Amino acid sequence: MSRKASISPLNEAEEIHLASRLIRLEARLQVLESCTHLSREKLIRLYKEIQKKSPSKGQLPFSTDWYICWQSNIHSSLFMNFYQSLIKMCELDDTEALLKAYQLYQEQVALMGEKEILSITRAWRLIQFFDSGMMTTTTCTRCEGHFVTHTYELHQQYECGLCNMPSRAGKKRGYVRDEEPEMAC
Amino acid sequence: MSLDEQVLEQIKEINLNYLLLAQRLIQDDPVLAMVRLGVDQDTLEVINNLSIQQVIKMASHNALLCGLRRSDLAYWQTHSNKKRQASSSHFHSAILLANQSAKWGAEGAKA
């Protein structure tokens with residue numbers, strides 16, 4: 001993806017629109033650079049304009065383990081199911097697929113009265129892990145749901161974290177497992 | 001109105017609302033509509049192009065046009081399990097349904 005190649009005014013408008021959507025979701029700079037053809041300088045200017053602050057510097061976290069922790073796993077799996085459904089059902093540009101899947105994730109999480117655990121940057125990183133073969137979905141032998149796992153782990157009788165809840169599940173700071181959701185169903 | 005007539009009216013109303021909602025979803029965002037409805041692109045295009053007269057006719061059936069996207073017992077038992085903490089069940093069924101759209105769409109295309 002050559003950033004030096006000039007893009008037409010129409011394409012640039014589309015790219016700016018795409019970048020704006022990502023920036024509003026607080027995507028990190030590396031995500032913006034990967035998903036658009038705009039120059040780094042343009043992206044930083046756009047970011048400042050929309051977010052009224054400079055984008056965070058520094059490396060993105062690069063750990064597959066985060067997606068395996070109980071709470072992150074159920075959020076990541078929800079996102080990934082939406083993402084895989086979308087790309088199966090129609091031909092979509094990568095960034096468009098990311099944005100639409102993330103929208104579906106946000107909608108559903110809000111409907112359940114839960115907090116978003118997966119940021120757009122984490123979602124983008126997860127897709128990169130899938131594309132590189134480091135992570136995949138495994139089918140739970142009990143509920144047949146698809147859950148995010150490491151590719152090379154042996155999963156002969158895989159059970160998801162919801163069918164087989166670990167005793168310490170959801171006892172992280174900030175997540176109160178035993179509290180009834182505030183919104184009535 | 002007899003009870004039967006009331007029930008038939010309700011079915012017709014759901015059918016009508018379903019088709020009208022489907023058309024609205026398609027016009028709003030054709031890609032998301034496929035996931036929300038679990039229907040393939042070609043079928044959605046046909047639905048979208050129905051005139052209001054056609055929609056009314058199609059709604060006038062004694063059975064529902066739309067079915068349960070998960071008709072398997074296991075899915076419903078997962079969500080109705082009273083022992084499970086409410087938010088976990090909700091999350092669980094959300095994950096199961098999020099994938100179903102792919103299976104549903106594929107089956108619809110084969111039919």
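This briefing covers the helices, salt bridges and surface features of a predicted model. Chain A holds 6 helices and 2 strands, and buried residues account for 46% of its 185 residues. Across all chains, a search of the whole structure gives 8 salt bridges. One of them pairs Lys100(A) with Asp29(B), and this pair joins two chains.

**Chain A layout**

- Read from the N terminus, the elements of chain A follow the order α-α-α-α-α-α-β-β.
- Helix 1 of chain A contains Ser20(A), a buried residue with a relative accessible area of 9%.
- Ser20(A) and Tyr47(A) are 27 residues apart along the chain, and their C-alpha atoms are separated by 7.8 Å.

**Helix crossing between the chains**

- Two packed helices are described by the angle between their axes and the distance between the axes.
- The crossing of helix 5 of chain A and helix 2 of chain B is right-handed.

**Salt bridge between the chains**

- Side chains of opposite charge can pair when their charged atoms come close.
- Lys100(A) and Asp29(B) form a salt bridge through their side chains, at 2.8 Å from N to O.
- Lys100(A) counts as buried because its relative accessibility is 9%, under the 20% limit.
- Asp29(B) also counts as buried, at 13% relative accessibility.

**Salt bridge within chain A**

- Glu12(A) and Lys42(A) form a salt bridge in which the closest N and O atoms are 3.1 Å apart.
- This pair links distant parts of the chain, with Glu12(A) in helix 1 (residues 9-24) of chain A and Lys42(A) in helix 3 (residues 40-51) of chain A, 30 residues apart.
- Glu12(A) is partly exposed, with a relative accessible area of 21%.
- Lys42(A) is partly exposed as well, at 31% relative accessibility.

**Salt bridge within chain B**

- Lys12(B) and Glu9(B) meet through their side chains in a salt bridge, at 3.8 Å from N to O.
- Helix 1 of chain B holds both Lys12(B) and Glu9(B), which lie 3 residues apart, about one turn of the helix.
- Lys12(B) is partly exposed, its relative accessible area being 35%.
- Glu9(B) is partly exposed, its relative accessible area being 35%.

**Salt-bridge network**

- Arg21(A), Glu96(A), Lys100(A) and Asp29(B) are joined into one network by salt bridges that share partners.

**Nonpolar surface patch on chain B**

- Leu20(B), Ile52(B) and Ile56(B) make up a nonpolar patch on the surface, and together they have about 250 Å² of accessible area.
- Ile52(B) lies in helix 4 of chain B, which covers residues 52-59.
- Ile52(B) has a relative accessible area of 46% and is therefore partly exposed.

Technical notes: Residues numbered from 1 in each chain as written. Chains lettered and ligands numbered in written order. Predicted model: local features only at pLDDT ≥ 70, side-chain atom pairs only at ≥ 80, totals over all residues. Heavy atoms only, no water. Patch = residues over 30% accessible without salt bridge, like charges linked within 9 Å, V, L, I, M, F, W, Y side chains within 5 Å. Areas by Shrake-Rupley, 256 points an atom, 1.4 Å probe, with all protein chains shown as cover. Salt bridge = Lys/Arg side-chain N within 4 Å of Asp/Glu carboxyl O. Helix = DSSP H or I, 4+ residues; strand = E, 2+ residues; numbered from the N terminus. Buried < 20%, exposed > 50% of the residue type's maximum accessible area, 1.4 Å probe, protein only. Left-handed = near helix turned anticlockwise from the far one by under 90°.
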